[in-house]
Amino acid sequence: MDLTLWTYEGPPHVGAIRIAASMDGVHYVLHAPQGDTYADLLFTMIERRGQRPPVTYTTFQARDLGGDTAELVKRHVREAVDRFQPDALLVGESCTAELIQDQPGALAQGMGLTMPVVSLELPAYSKKENWGAAETLYQLTRGLLKQDVPAAQPQHDPKRWQQQGRRPRVNLLGPSLLGFRCRDDVLEVQTLLTMHGIDVAVVAPLGAGVEDLKRIPDADLNICLYPEVAESTCIWLERNFGMPFTRTVPIGVGATHDFLVEVHTALGLEPPSPEEGYRRSRLPWYSESVDSTYLTGKRVFIFGDGSHAIAAARICSEELGFQVVGLGTYSREMARPVRAAAKALGLEALICDDYLKVEAAMAEAAPELVLGTQMERHSAKRLGLPCAVISTPMHVQDVPARRSPQMGWEGANVIFDDWVHPLMMGLEEHLIGMFRHDFEFVDGHQSHLGHAGGAGAASGVPDLSDGPEVDEDALVWTPDGEAELKKIPFFVRGKVRRNAEAYARQVGCKEISSETLYDAKAHYKA
Amino acid sequence: MAGPTLLKESGPREVFCGLTSIVWLHRRMPDAFFLVVGSRTCAHLIQSAAGVMIFAEPRFGTAILSERDLAGLADAHEELDRVARELLQRRPEIRTLFLVGSCPSEVIKLDLARAAERLNEELQGRVRVVNYSGSGIETTFTQGEDGALAALVPLLPASDERQLLLVGTLADAVEDRLIHLFGRLGINRVSSLPPSQSTALPAVGPGTTVLLTQPFLTETARLLRDRGATVLTAPFPLGAEGSRRWMEAGAQAFDVAPSQVATVLDPLMERARIALEPHRQVLAGKRIFLLPESQLELPLARFLQRECGMELVEVGTPYLNRDQMAEELALLPEGTPVMEGQHVELQLDRVRDSAPDLVVCGMGLANPLEAEGIATKWSIELVFSPIHGIDQAGDLAELFSRPLRRRELIHPALHPTQPDHPVHA
């Protein structure tokens, strides 16, 4: 048993609903009690969809449990098939149905239905939403394509478009409903590829039908746009059809360039010029412009799903000149690459789905900017830190009316704005520094653009430094020590206080004055 | 027989389960914590249903069952004790811990009553532990509140004192106002269940007269009767008429002279009439379809028909307690279809066929209906908003007139060429 006050991911059947709802002509019969229908509001309210997800819930009740729940399942399957006439049927169960072991998938498969029926086994007590989405896409694709798997060694050649006298074509796999900005990312990546003379054959699951999934092997290459959802499918397609797939997720200027190189190389095309990012995106110049100098070394804490966290770490350290002081993910499936990305930055990755631990790690890292999920936005608010949201879980705010991709050149522009605006802008910060003794600039003042506003340390937000250690070790801050500490920007003040105290203890000093502060500063810088 | 036509339907439902009640109960009792013993789905449900992103650290959580618990590798009771201890350590201000049963905990027959007993022993009165079920296989949406309150009834101290007990969660301002009005009627001992502090439980006994403020408190009412209380049946305090009759029932039980009632309530009724008038102008003659969700549907339908002049196409309710609702049913026009239970697909077919002006429904259905061009009102808003009492009648009507006024405001501009075409499919 785990105590959870809030969770980053839903149960695996919600992942399955994401796949069904993303597609055309796929219906999901979910053996589940009343109440599990709440999942509909994720789509109709949070994603503001004008349609219910294509799910028939059996909504069994306690009184049904004594009787024939198998018959109940079959009745709902029959009704759903008659009413919706889907091209493919997914059948599965939620956590409670798993316990009563009706095996709805097997029941449905025995009903002689004419459309493909995919039985989903999504262990609700050990797996979570993204895994459920990945497994569903994989089972559906495999179910539809397994009779087409070549008996002998697959003879897939990603360069065959050259002989066939046509443009190369690729599939975009992974974008789904309730994925972070997937709708806009698909458009952006399509534009990007089209500019390079590459056609997009199938986008799946978002907007794909059953016939589209069957066409997947006709393309030359699979683009694994969102590994959380598509990687297992891509691996299966590679193993059985010999279709290669891309590893780079094109978020950020560098990653978009690497992605283009990867795609071009796989297809046997001349890779694009490394200058392209500079010409097509504003991020490089904006980052190089003098106003951005203030971004240098800004301490950033990153937490989110695997793909977006890894991408954010690279953008922060290589393209914005930030210092990444924390990197983590709630997706255990992505732990390995996130660990590697953290290690490359000299950090230890935080793999954890307890938001309170994430908040504690955030406080400890004393960042100046947080890139996280909506929950980290709340934690950051409590700590008085500016924050931008980079990852699911979805909030109605993450489905903006305007186009707002994360991927490709335009995605890089969006990222520059979204991540940098919560900070004080350079010129503004500079002026505030010059006028900091002016009474108008209260402690913790931030930009009117900043999401955290002036809330910072000025308005009674608990100071990170309020630790018990002061009393325990009988360290005393002298008035001039306190005054000096106040001059330090609030977001690093906690860290400085801790450092000063640690230093004082180390050198056996009981009183912390301004001199001790400077000594500690010199000590830790050295 | 005269009165509404009572119908039943069963099939796929689209109604929240009883766990959802936690989202208003935890606000009512800030010193209580609701620990759902269930699955990741339960945790995801309450966080999504309440949009609890707005809470930094909510006063509810889930003890998520894992494979280890199910396979018997871990003793579920020991695990639950451990989780409860961890929680109470983290939240020392908690005075009452509700262990809330869910679908999975019921199916595996995890005995939460025994767990509560054990924890009570261990905690020795520092924290009181009670249990109830909010599972979707046993309860719908608002029934969770019934379960929580029913769990408190055995803990209420006994008292023979003559008093009025208001049962059901009300907004604080509304509660204060009602207690004030009863005071003006001469009823001065009025207490509430649930109390705003979980430890300040009201007393109950043969001198207690109970007025239910919400129609979904069947089990709580039964247990209060067992404790000797008299539970009045009256229309529920929604709308001016219902609220008046509800207060009159209380006044009668306390032998308040009708002239005194008239002196206190007549001016309020006149004011309510004025407050209702602009909304009545929007709502009169409009057709409304209520899908089952909160069990407030019958009193709301009665209010909308009698005080706002709306036409009732169909009134759904998750289940119907005929005794408790007798007075409400009697006030509905003859032949009104009252549908108990749900087959959501067939019901939506009837919605489309009847093309009502307004549909009351759960959150999952609202936007799809809006996209088909049908104006909606969320059921959940009606359990969160202060709508009880004569003084609130205008506000209650406004909740229904607003979606219609909004359509009138924006529809012509957004659909200049085809005013009657659905927004988008």
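Contact here means heavy atoms within 4.5 Å, and by that rule the two chains of this predicted model meet through 56 residues of chain A and 67 residues of chain B. Residues are numbered from 1 along each chain as its sequence is written, while chains are lettered from A in the order in which they are written. As this is a predicted model, local features need pLDDT of at least 70 and side-chain atom pairs count only at pLDDT 80 or more, whereas totals for chains, interfaces and linings use all residues; side-chain values use heavy atoms, with hydrogens and water left out.

**The interface between the chains**

- Chain A and chain B bury about 5,300 Å² between them, with 60% of it on carbon and sulfur atoms; buried area is the accessible area (1.4 Å probe) that two parts lose on being put together, summed over both.
- On the chain A side, M1(A), L3(A) and Q34(A) lose the most area to chain B, together making up 18% of what that side buries.
- Across this interface there are 22 residue pairs in polar contact, both residues being at pLDDT 80 or more. A polar contact is a pair of N or O atoms within 3.5 Å; within protein, one must be able to donate a hydrogen and the other to accept it, and residues adjacent in sequence count only if both atoms are side-chain atoms.
- Several elements of chain A supply at least two residues each to the side that touches chain B, including β1 (2-4), α1 (12-22), α4 (69-84) and α17 (355-365). Helices (H or I, at least four residues) and strands (E, at least two) are DSSP runs, numbered from the N terminus.
- The largest share of that side, 5 residues, comes from α2(A).
- By class, the side of chain A that touches chain B has 24 nonpolar, 18 polar and 14 charged residues. Ala, Val, Leu, Ile, Met, Phe, Trp, Tyr, Cys and Pro count as nonpolar, Asp, Glu, Lys and Arg as charged, and the others, Gly among them, as polar.

**Links across the interface**

- There are 3 salt bridges between chain A and chain B, each defined as a side-chain nitrogen of Lys or Arg within 4 Å of a carboxyl oxygen of Asp or Glu. Over all chains the count comes to 48.
- R52(A) and E345(B) join their side chains in a salt bridge at 3.4 Å, N to O. R52(A) sits in the loop between α2 and β3 (55-57) of chain A, and E345(B) in helix α14 of chain B.
- β1(A) pairs in the antiparallel sense with β3 (residues 60-64) of chain B over 3 bridges; two strands pair if DSSP finds at least two bridges between them. L3(A) has A63(B) as its bridge partner in β3(B).

**The sheet in chain B**

- Six strands form an open sheet with parallel pairing, in the order β1-β12-β11-β10-β13-β14 of chain B.
- β1 (5-10) and β14 (375-378) of chain B stand at the edges with a single partner strand each, so one side of each has no neighbour in the sheet.
- β13 (residues 358-361) of chain B runs parallel to β14(B), joined by 4 bridges, and L358(B) stands opposite A375(B).

**The sheet in chain A**

- Here an open sheet of 5 strands, also with parallel pairing, has the order β11-β10-β9-β12-β13 of chain A.
- Its edge strands are β11 (350-351) and β13 (387-389) of chain A, each pairing on one side only.
- β9 (residues 299-304) and β12 (residues 369-372) of chain A pair in the parallel sense over 3 bridges, and F301(A) has V370(A) as its bridge partner.
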